Amino acid sequence: MALSAKLQLRQTQSLVMTPQLMQSIRLLQLTHAELERFIDEEVERNPLLERAEPPQEGAGEPEGTEAAQEAARDEARPDGDWFEAETQWSAEAISAKLDASLENLFPDDPGTSERLGPDLSAQWKSAPGGAAAGDGFDMEEMAAAKVTLRDHVGEQIAFAFTDPAERLIASELADGLDEAGYLRADPDEIAERLGAGPAAVAAVLATCRSFEPTGIFAADLAGCLSLQLAARDRLDPAMQALLANLELLARRDFQVLKRICGVDEEDLLDMLAEIRALDPRPGLAFSAGASDAIVADVEVRAAADGSWAVELNPDALPRVLVDRTYFATVSGGARSQAERDFLAECLQNANWLTRSLDQRARTILKVASEIVRQQDAFLVHGVRHLKPLNLKTVADAIGMHESTVSRVTANKYMMTPRGVFELRYFFTASIASADGGEAHSSEGVRDRIRQMIEEERADDVLSDDAIVDRLKADGVDIARRTVAKYREGMNIPSSVQRRREKRAMAGAGR
């Protein structure tokens with residue numbers, strides 16, 4: 001058989017991941033904050049995109065009319081302001097609003113309409129820093145930056161040391177503090193770097209350890225607690241022995257601790273109460289960190305007909321518009337093919353982004369509606385009635401791929417009458433029923449275990465085997481290792497540790 005080259009035509013179908021399709025997939029899994037940042041970047045990059053401002057409540061005329069613009073200027077420029085940017089007031093107009101006294105221009109107590117008139121009084125109270133009656137507003141709190149731990153320590157260093165060399169050493173030590181107030185720098189290394197003797201650095205460190213908040217500049221947890229107990233004059237030999245064996249305290253080995261500290265059970269309980277009253281991270285009081293607020297993507301409310309109304313949260317929906325008027329104006333003046341291609345690409349990207357955002361909103365609403373339909377019993381009765389649910393069940397019900405549902409439910413939140421939950425919360429594993437009935441949700445089983453342990457008494461602490469028996473009596477077929485896994489996941493100690501703690505607490509109560 002001779003070999004020869006020849007041409008053949010074949011027609012095949014394949015899925016091509018275009019940049020626009022990849023963008024749409026990416027938008028599905030973005031959180032609200034990430035989506036806002038992404039849109040801000042796109043608006044900055046694409047001149048045809050613009051943010052749509054939410055409509056103002058009570059707007060009587062369409063935005064853009066001359067009357068509406070004039071009304072907006074009047075609203076932005078409060079009537080009664082003594083400074084006018086666009087027009088000049090006559091002396092009679094000014095005196096009609098204010099007296100000639102400078103005391104009324106910069107009043108110490110500007111809250112009364114008798115002195116300022118109703119317009120200026122309302123203006124002052126509505127302004128930032130306005131002294132509205134009973135609002136407790138502090139101008140210094142608004143204007144001053146939050147004091148950091150380093151700033152707080154620096155002020156104490158300035159008063160505690162007069163020698164410049166000691167101040168320099170103290171500043172180096174302060175730079176070695178972490179956010180909890182512990183000294184992470186090596187004093188010997190600081191002494192070598194500054195050319196000071198180790199004794200001088202140790203003396204400065206001893207002074208710094210007397211600073212407020214008590215416990216800072218300690219090298220470890222035991223040292224931090226020791227400084228606080230010493231300030232309370234409670235650092236006796238028994239307490240020192242307890243602090244030297246904190247690992248036994250973490251294991252709740254109270255019998256060994258009593259022997260090491262040389263105290264009885266009552267004294268040990270008093271010592272433990274003192275330890276609990278201390279602050280293991282004194283520097284965190286000056287931490288300026290703030291957690292991000294969760295914005296619910298979907299809102300669920302009870303409808304009048306007894307069903308559930310599922311709506312998208314308007315605050316979580318980005319408003320983006322395509323400025324076609326600007327495109328028509330600019331494209332008419334394009335001089336080269338490159339400019340026309342650039343504008344066409346911008347228009348295409350802008351249209352695709354708006355369609356992708358609309359499709360994202362529809363997909364989220366469709367998935368959330370199916371979740372609400374599946375978990376109706378949870379919304380009515382609570383977590384005990386949460387049904388086992390997986391991604392495939394929802395995907396089959398709404399005619400989507402399982403991966404799409406997975407992207408939609410990632411980092412999205414639903415506001416329900418029972419609180420705000422991540423969409424992933426409603427997808428739980430299935431635990432078989434002991435009597436062959438309907439399966440149980442793993443989250444509902446966790447709640448049962450938690451309630452059983454909370455209702456324990458000191459003389460009746462449930463072991464994992466006892467919890468298994470009770471659950472099986474309630475129709476839940478579960479293994480002991482699963483109970484142990486759920487208990488440890490909820491940070492609940494073992495039955496031995498719980499029994500020891502309850503007996504200790506009962507003894508302290510007597």
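The model is predicted, so local features need pLDDT of at least 70 and side-chain atom pairs count only at pLDDT 80 or more, while totals for chains, interfaces and linings use all residues. Residues are numbered from 1 along each chain as its sequence is written, and side-chain values use heavy atoms, with hydrogens and water left out.

**Exercise 1. Salt bridges**

Solution: 
- Step 1. Start with the rule: a salt bridge needs a side-chain nitrogen of Lys or Arg within 4 Å of a carboxyl oxygen of Asp or Glu.
- Step 2. Now look at D40 and R51, whose side chains form a salt bridge at 2.8 Å, N to O.
- Step 3. Helices (H or I, at least four residues) and strands (E, at least two) are DSSP runs, numbered from the N terminus.
- Step 4. Check the cover with these cut-offs: buried is under 20% relative accessible area, exposed is over 50%, and partly exposed is in between (1.4 Å probe, protein chains only). D40 is partly exposed at 40%, and R51 is partly exposed at 28%.

**Exercise 2. A network of charges**

Task: Name the residues that are linked with R480 and D465 in a network of salt bridges.

Solution: 
- Step 1. Begin with the pair itself: R480 and D465 form a salt bridge at 3.3 Å, N to O.
- Step 2. R480 lies in helix α24 (residues 480-489) and D465 in helix α23 (residues 464-473), so this bridge ties together parts 15 residues apart in sequence.
- Step 3. Widen the view: D464 and R487 join R480 and D465 in the network.
- Step 4. For the cover, R480 is partly exposed at 44% relative accessibility, and D465 is partly exposed at 43%.

**Exercise 3. Buried or exposed?**

Task: For the salt bridge between D178 and R184, decide how each residue is classed by its accessibility.

Solution: 
- Step 1. The side chains of D178 and R184 meet at 2.9 Å, N to O.
- Step 2. D178 has 22% relative accessibility, so D178 counts as partly exposed.
- Step 3. R184 has 53%, so R184 counts as exposed.

**Exercise 4. Another positive phi**

Task: Where is N411, and how exposed is N411?

Solution: 
- Step 1. N411 has a positive phi of about 60°, although N411 is not a glycine.
- Step 2. N411 sits in the loop between α21 (402-409) and β5 (413-416).
- Step 3. With 37% relative accessible area, N411 is partly exposed.

**Exercise 5. Cysteines**

Task: How many disulfides does the whole structure contain?

Solution: 
- Step 1. A disulfide is a pair of cysteine sulfur atoms within 2.5 Å.
- Step 2. The search finds zero.
- Step 3. As for cover, C208 is buried at 0%, and C224 is buried at 0% as well.
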